[in-house]
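Subject: Structure handover

Hi,

Here is the structure we talked about. Please open it alongside this note.

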Number of protein chains: 4
Amino acid sequence: MFSIDKMSRVPIYEQLISIFETGIISGEFAADEPLPSVRALSQQLSINPNTLQRAYQEIEHRGLCYTVPGSGRYLSTDALDRIRSAAFERMDDLGSMLTELKSKGVSKDEIQRVIDSVYERQV
Amino acid sequence: MFSIDKMSRVPIYEQLISIFETGIISGEFAADEPLPSVRALSQQLSINPNTLQRAYQEIEHRGLCYTVPGSGRYLSTDALDRIRSAAFERMDDLGSMLTELKSKGVSKDEIQRVIDSVYERQV
Amino acid sequence: MFSIDKMSRVPIYEQLISIFETGIISGEFAADEPLPSVRALSQQLSINPNTLQRAYQEIEHRGLCYTVPGSGRYLSTDALDRIRSAAFERMDDLGSMLTELKSKGVSKDEIQRVIDSVYERQV
Amino acid sequence: MFSIDKMSRVPIYEQLISIFETGIISGEFAADEPLPSVRALSQQLSINPNTLQRAYQEIEHRGLCYTVPGSGRYLSTDALDRIRSAAFERMDDLGSMLTELKSKGVSKDEIQRVIDSVYERQV
DNA sequence: GTGGTCTAGACCACT
DNA sequence: GTGGTCTAGACCACG
């Protein structure tokens, strides 16, 4: 589940955030269990603890988890909702990309094909 | 036409590239016509000549223009074609974005609505 | 290994590119090994970091290395292959040069002698 | 005969020099007739007179022609010889290029094929 | 520590 | 006038 691509041009801490979001969506993390500790997980992933620390800070900043001093980090009860509502803010980016593609001559059919393949047969 | 945001996190030279691509698409620049000179435009935009130079280099690298030393930079005759064919390589990015949105609970209908609004009434 | 001629009419950053290509061919740099850092090498060669940066950018553009932000630059695994296939695109230049030499009265034997000396005794 | 490529990255004045050298080799210019005047030829080629002037200066500097004040420029009697002997100085460049191609994995056979095609069937 | 970007200002070659 | 290259030095993001 925790696979990061160090060769990617996407910063590692952002990859970590995505991984956590995906994990939360898939229900991988229980609400009453602490998230992996910085020390343990950074060692497991062979990444710099500071990098993981930064990812956790951002996750916390987004309200997806909270810290109980001396105990650990726990998922917020509304983590899932927050992720979903945050997704809608990215719809603007989608609009921008589509506008750009359209202006460069990409037809609606070609766009549609991509969408259908992602949401394939979602009757 | 030339408005750049120096505070943006997207580099100025990338903004410039986008601006030129847009200008080429809109027919603002004619094929084999000279593009604005580095000195003149950099002064007009209050940016460093080197920054504009870098943007031009990348634009040239993409085959959108060619340089005649001592004379100036000229739009390639096939600039528009190149921009269009390059657009299709971005379809992968669209797929990634859609996959992410889907995993975060965005329904196909909501996606569809955005597409339709961009390509509105494309009968 | 790193000797550049600042007085040469060939730009420093092109000299650097050639040096790296040679180094890659000679196996001086191993795949997925970090290349010298911009700061360190530019200091060692007494050149401006920006100049080396530009050389690295072009090298990266050719797919010979990749960058991990905050970490460093690493040699691509297929760097050698790319250099070799790029060489074949230069065969046209060879043809042009030969055509010019021929038109100026250089005989085939004289050309042949040069080739044989480069590929001496290639039984 | 006089065709220059303004889009080329080869400076126009260098193209002009090559054109004259080719013309001299092919016997296009008679020894007792003046070379085209700067004004006339620059107008015919739609190039800047200064550029042609510079080309003539270089040609003259190479001893291929000489100026008779008030009359015009005339071919040197040994122009052909000078061009041919100058060609041999370019053999070094050929050697460099071959060495580079060899180091990048181009085989002798592939080089040989180019030579044979240029000097085809020169029995 | 690493690379990425930007500015300021200089010098060169070409037209 | 044009573009091409280089230096010096600054600030930022990432690990």
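Start with the hairpin of S1(B) and S2(B): 3 residues lie between its strands, and Gly70(B) there has a positive phi near 80°. Helices (H or I, at least four residues) and strands (E, at least two) are DSSP runs, numbered from the N terminus.

This is a predicted model: local features need pLDDT of at least 70, side-chain atom pairs count only at pLDDT 80 or more, and totals for chains, interfaces and linings use all residues. Residues are numbered from 1 along each chain as its sequence is written, while chains are lettered from A and ligands numbered from 1 in the order in which they are written.

Strand S1 (residues 65–68) of chain B and S2(B) run antiparallel, joined by 4 bridges. Strands count as paired if DSSP finds at least two bridges between them. Thr67(B) sits opposite Arg73(B). Cys65(B) has Leu75(B) as its bridge partner.

DNA strand E

Gly70(B) turns up again here. It is among the closest of the 27 residues that surround DNA strand E, along with Ile12(B), Asn48(B), Ser37(C) and Ile12(D). Near means that the C-beta atom, placed from the backbone, lies within 6 Å. Elements giving two or more residues to this surface come from chains B, C and D, among them helix H1 (12–25) of chain B and strand S2 (72–75) of chain C. H2(C) gives the most, with 3 residues. Ala, Val, Leu, Ile, Met, Phe, Trp, Tyr, Cys and Pro count as nonpolar, Asp, Glu, Lys and Arg as charged, and the others, Gly among them, as polar.

DNA strand F

Chains A, B and C supply the elements with two or more residues, including helix H3 (49–61) of chain A and helix H2 (38–45) of chain B. H2(B) has the largest share, 3 residues. The classes are 11 nonpolar, 14 polar and 3 charged.

Chains A and B

The contact takes 26 residues from chain A and 25 residues from chain B. Two residues are in contact if their C-beta atoms, placed from the backbone, lie within 7 Å. On the side of chain A, H1, helix H4 (79–89), helix H5 (91–103) and helix H6 (108–118) each supply at least two residues. H5(A) has the largest share, 9 residues. That side holds 15 nonpolar, 6 polar and 5 charged residues.

Chain A can be laid on chain B with an RMSD of 0.7 Å, by a turn of 178° and a shift of 0.3 Å along the axis. The two copies are thus related as by a two-fold rotation axis. Superposition is by least squares on the C-alpha atoms of residues with pLDDT of at least 70 in both. Leu94(A) comes closest to the axis among the residues of chain A, at 3.9 Å (C-alpha). The copies meet through the same surface, because 96% of the interface residues of chain A are also interface residues in chain B.

Other chain pairs

Chains B and C share no contact; their closest C-alpha atoms lie 10 Å apart. Chains A and D share none either, with closest C-alpha atoms 26 Å apart.

Best wishes
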